[in-house]
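Dear colleague,

I am writing to hand over the structure we discussed. Please find it below, followed by an account of what was found in it.

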Amino acid sequence: DMGRQESGGYNRTAGLDLIRQVRAIDRHVPILIYSSSRAAGEFREEALGAGASEITSSPTILLNALKLQPDTPAT
């Protein structure tokens, strides 16, 4: 969630805070955000600027961003 209840109040930028904390630890781990279309539109530029790899409300874009490979049969 981009926003959540914490410490007795609502932190509307909790998701952005998390992105920044992860980036401070690891610059290379992919961060894919799947959110409502409203949040994806409202926070897109800021999330990407904070280090998110992608932010979307589209399952198709999310799956493409995951770069899933089909299972290869064992030989």
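**Asn 11 and its surroundings**

Leaving aside neighbours within four places in sequence, Asn 11 is in contact with Met 2, Gly 3, Arg 4, Glu 6 and Asp 17. Please note that the model is a predicted one. Asn 11 lies in strand E2, and it counts as buried because its relative accessibility is 17%, under the 20% cut-off.

Ser 7 is placed in the loop between E1 and E2. With a relative accessibility of 83%, over the 50% cut-off, Ser 7 counts as exposed. The phi angle of Ser 7 is near 50°, which is a positive value in a residue other than glycine.

**The chain as a whole**

The chain contains three helices and four strands. Read from the N terminus, these elements follow the order β-β-α-β-α-β-α. The chain has 75 residues, of which 29% count as buried. Among contacts between residues at least 6 apart in sequence, 29% join residues at least 24 apart.

In soluble globular proteins, nonpolar side chains tend to be buried together. In this model, the largest nonpolar core has 12 residues: Met 2, Leu 16, Ile 19, Ile 31, Ile 33, Ala 39, Ala 40, Phe 43, Ala 47, Ala 50, Ala 52 and Ile 55. Helices H1 (14–25) and H2 (37–50) each supply at least two residues of this core. The largest share, five residues, comes from H2. One of the core residues, Ala 39, touches Met 2, Arg 44 and Ile 55 when residues up to four places away in sequence are not counted.

**Helix H1**

H1 has 12 residues, which should span 16 Å at 1.5 Å a residue; its end C-alpha atoms are 17 Å apart, so the two values agree. Which residues of H1 are buried? They are Ala 14, Gly 15, Leu 16, Ile 19 and Arg 23. The cover over these buried residues includes strands E1 (4–6), E2 (9–11) and E3 (32–34), together with H2.

**Helix H2**

H2 has 14 residues and extends 19 Å from its first C-alpha to its last, close to the 20 Å expected at 1.5 Å a residue. At Phe 43, H2 bends by about 65°. Phe 43 is also among the buried residues of this helix, along with Ala 39, Ala 40, Ala 47 and Ala 50. An α-helix has 3.6 residues a turn, so residues three or four places apart point the same way. The buried residues of H2 are covered by parts of the chain that include H1, E3 and strand E4 (54–56). Gly 51 follows H2, and the phi angle of Gly 51 is positive, near 125°.

With kind regards

Notes: Residues are numbered from 1 along each chain as its sequence is written. This is a predicted model: local features need pLDDT of at least 70, side-chain atom pairs count only at pLDDT 80 or more; totals for chains, interfaces and linings use all residues. Side-chain values use heavy atoms; hydrogens and water are left out. A nonpolar core is a set of buried Ala, Val, Leu, Ile, Met, Phe, Trp, Tyr and Cys residues joined through side-chain atoms within 4.5 Å. Buried means under 20% relative accessible area, exposed over 50%, partly exposed in between (1.4 Å probe, protein chains only). Contact means heavy atoms within 4.5 Å. The expected span of a helix is 1.5 Å times one less than its number of residues. The bend at a residue is the angle between axes fitted to the seven residues ending there and the seven starting there.
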